[in-house]
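Please find below my notes on the two-chain model you passed along. I have set them out as numbered points, so that each can be checked against the coordinates.

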Amino acid sequence: MVSERSSKEFFAVTLRVWRQAGPSASGRFVDYPATNVSPDMSFLELLDVVNDGLTVKDEEPIAFAHDCREGICGTCSCTINGKPHGPGHGIATCQLYMRSFKDGDTIIVEPFRARAFPLVKDLVTDRSAFDRIQQAGGFISVRTGAAPDANSIPVPKDDADLAMDAATCIGCGACVAACKNASAMLFVAAKVSHLGLMPQGQPERDKRVLAMVQAMDEAGFGNCTNQYECSAVCPKLITHDFIARMNRDYVKALFKAKFKPVSSASGGAG
Amino acid sequence: MNLLGALFQSSIGKKLLMAVTGLVLVGFVTGHLVGNLQIFLPPAKINTYGHMLESLGAGLWAIRLFLLACVAIHLWLAFKLTAENRAARPQGYGVEHTNRATLASRVMLRSGIVVLVFLVYHLGHFTLRVQHPEWSEHTFRLADNTMVRDVYRMTVQGFNSAGISCFYLLGVGLLAYHLNHGLVSMCQTLGLKNERWTTGLERASAAFCWLYFLGNAVIPLSVRGWLPVLSGLIQR
Ligand code: SF4
Ligand code: FES
C-alpha cells in the first residue's frame with residue numbers, strides 16, 4: 001500500500017500504554033508522547049522508537065510481543081483503541097502502519113484481556129492455553145516411514161480450499177481478546193475444521209473435536225454467545241461459519257461416541 | 001465424557017441446551033399467540049378453547065411440567081453462562097469497543113429477566129389467579145349449557161387497566177427483541193447456518209419477531225378501543 005502522504009510529513013501522537021511490571025503487580029496507563037512519527041512507520045516500529053527513548057533515559061522499555069512482523073507468526077498482540085490488532089481489517093498488529101492515525105491522536109494500547117491469557121508484563125500475555133488445546137487433538141497421527149506420494153490421497157478441491165481457509169489461523173488470540181466473553185471458539189473451530197475437512201483427519205475426527213473442546217473449557221475461556229466479534233478482528237478473516245461447523249461436529253461426535261456398537265473382540269470378558 | 005455430563009458441563013453442550021429449550025419456548029409462545037387471537041371471534045370460541053385446555057387433565061400437567069423444565073434449564077444456563085463469561089475476563093479493557101455485536105445480543109440477560117417477571121405475573125393472573133381471585137368467578141354458558149371459566153371477560157377486564165396493558169406491551173416487546181437475537185443464534189449453535197443463509201435467516205427472524213410483537217400488541221390496543229376495525233370486534 002502506498003501512503004498518500006509523503007514520508008516527509010511527520011506528525012505527533014500520544015501513546016497511552018498499559019504498564020504492569022509483572023503478573024501480580026498492579027498496572028496503569030502511562031502516556032508517551034511521540035513526535036516525528038512517519039506515516040510509513042509500522043506501529044511496532046513506533047514502539048521500538050519509544051523504547052529506544054526510554055532506554056536512553058534509563059527507564060524500563062515497554063514489553064510487547066512480536067516476531068515475524070509480517071503477519072504470519074501470531075506473536076504480536078496488542079489491543080489498540082479497544083480493538084485487538086488495531087483499526088485495520090484482516091491484519092495483525094505488526095501490519096498496522098502509522099498512516100492509519102492522524103496528528104494529535106491519543107492511541108490507547110492494552111494487552112489482550114482474558115483469564116486464560118494471564119499477563120506476563122506490560123503488553124505481553126501468556127497464550128500457552130492455545131498450545132494445550134492444540135496438544136489435546138490439533139494433529140493427526142501418522143506412521144512416519146518413507147515419505148508417501150503427496151498425491152496418493154486425493155483431496156477434493158473444495159475441501160482443500162476450505163481446510164486451507166481454516167489453516168490460515170496464526171493462533172494470535174485476537175478472537176479471544178475481542179470476544180465479549182473471552183471465548184476461544186473461533187480459534188478452536190479453525191483448528192478442528194482444518195484437519196476435520198481433510199481425508200487424513202478423518203480417523204481422529206470425533207476424538208479430536210471432543211478433546212479440543214474439553215481442553216478449551218478447562219483453560220477457562222468463556223462461552224460463545226454468537227456475536228461474531230471474533231471474526232471481525234481475525235487477521236486472517238476466518239469465518240465464524242467454522243464455529244457452526246464445530247458445533248455440529250461436536251454434537252455428532254458426542255452421540256456417536258455414546259451409541260457406537262460395543263465390540264466383542266476388543267474388551268474380552270469383563 | 002458421558003452424554004449428559006457433556007451436555008450440562010461443556011460449553012457447547014450448555015449452549016445446545018440453551019438453544020433447544022429456547023426453541024421449545026418459541027414454539028409455545030407462538031401457539032399461545034394463535035390461541036389468544038381468538039379474542040377477535042365471539043367469546044364462545046376462546047372460552048371453549050380455554051375449557052378444552054383445562055380439561056386435558058394429566059396431559060395438561062405433563063405439558064406444563066415440560067415447559068416449566070425448559071424455562072428452568074434456560075434460566076439456570078443463562079445465569080451460569082453469564083457468570084462463567086464474566087469470570088473469563090476478570091480485568092476489562094480501558095477502552096470498550098464493539099465491532100458488530102448487536103444491542104439485542106448484548107442485553108439478552110436483561111431482556112430475559114423482564115420477560116421472566118412478566119411471565120410470573122401472567123401465570124399469577126391467569127393460571128394461578130392470585131392477583132384478582134374474584135375474576136375466576138366469571139363464568140360463561142356454552143351452547144350446550146356447560147358453565148366454563150370466562151377467559152374472554154378476564155382478558156378484557158385485564159386490559160382495561162392501563163398499567164397491565166403497558167406492562168404487557170413491554171413484556172411482549174422485549175420478548176420479541178430477545179428472540180431477534182435468539183432465533184438466529186439458535187441456528188448458529190445448532191450448526192444450521194452459514195454465510196449463504198445468514199441474511200435470509202436474519203430477515204426471517206426479524207419478520208417473525210415483528211409479527212409476534214404486533215400480533216400480541218393488537219389485543220390490548222383493541223380492547224382499549226384504539227384500533228379502527230379490530231376494536232369493533234371486542235365484546236365488552
Ligand atoms: S482464529 Fe483468527 S483471531 Fe483467532 S487465533 Fe486464529 S488467526 Fe487469530
Ligand atoms: S509479529 Fe508475527 S504476526 Fe505479527
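Predicted model: local features only at pLDDT ≥ 70, side-chain atom pairs only at ≥ 80, totals over all residues.

1. Residues are numbered from 1 along each chain as its sequence is written, chains are lettered from A and ligands numbered from 1 in the order in which they are written, and side-chain values use heavy atoms, with hydrogens and water left out.

2. Chain A has nine helices and seven strands (DSSP runs numbered from the N terminus, with H or I of at least four residues for helices and E of at least two for strands). Its C-alpha trace spans about 75 × 40 × 40 Å along the principal axes, and 49% of its 270 residues are buried (under 20% relative accessible area, with exposed over 50% and partly exposed in between, using a 1.4 Å probe and protein chains only).

3. Over all chains there are 14 salt bridges (a side-chain nitrogen of Lys or Arg within 4 Å of a carboxyl oxygen of Asp or Glu). One of them joins A:Lys121 to A:Glu60, with the closest N and O atoms 2.5 Å apart; A:Lys121 lies in strand β6 and A:Glu60 in the loop between α1 and β3 of chain A, so the pair ties together parts that are 61 residues apart in sequence. A:Arg205, A:Arg245 and A:Asp249 are linked in a salt-bridge network.

4. In chain B, the axes of helix α2 (residues 11-36) and helix α4 (residues 58-87) come within 9 Å and cross at roughly 140° (axes are lines fitted to C-alpha atoms over the stretch in contact, and angles run from 0 to 180 degrees between N-to-C directions). That makes α2(B) oblique to α4(B), whereas α4(B) and helix α6 (residues 108-127) of chain B pack at about 155° with axes 12 Å apart and are therefore roughly antiparallel (under 35 degrees is roughly parallel, over 145 roughly antiparallel, 65 to 115 roughly perpendicular and the rest oblique).

5. A salt bridge also connects B:Lys14 and B:Glu84, whose closest N and O atoms are 2.8 Å apart; B:Lys14 sits in helix α2 and B:Glu84 in helix α4 of chain B, 70 residues apart. B:Lys14 is buried, at 4% relative accessible area, while B:Glu84 is partly exposed, at 24%.
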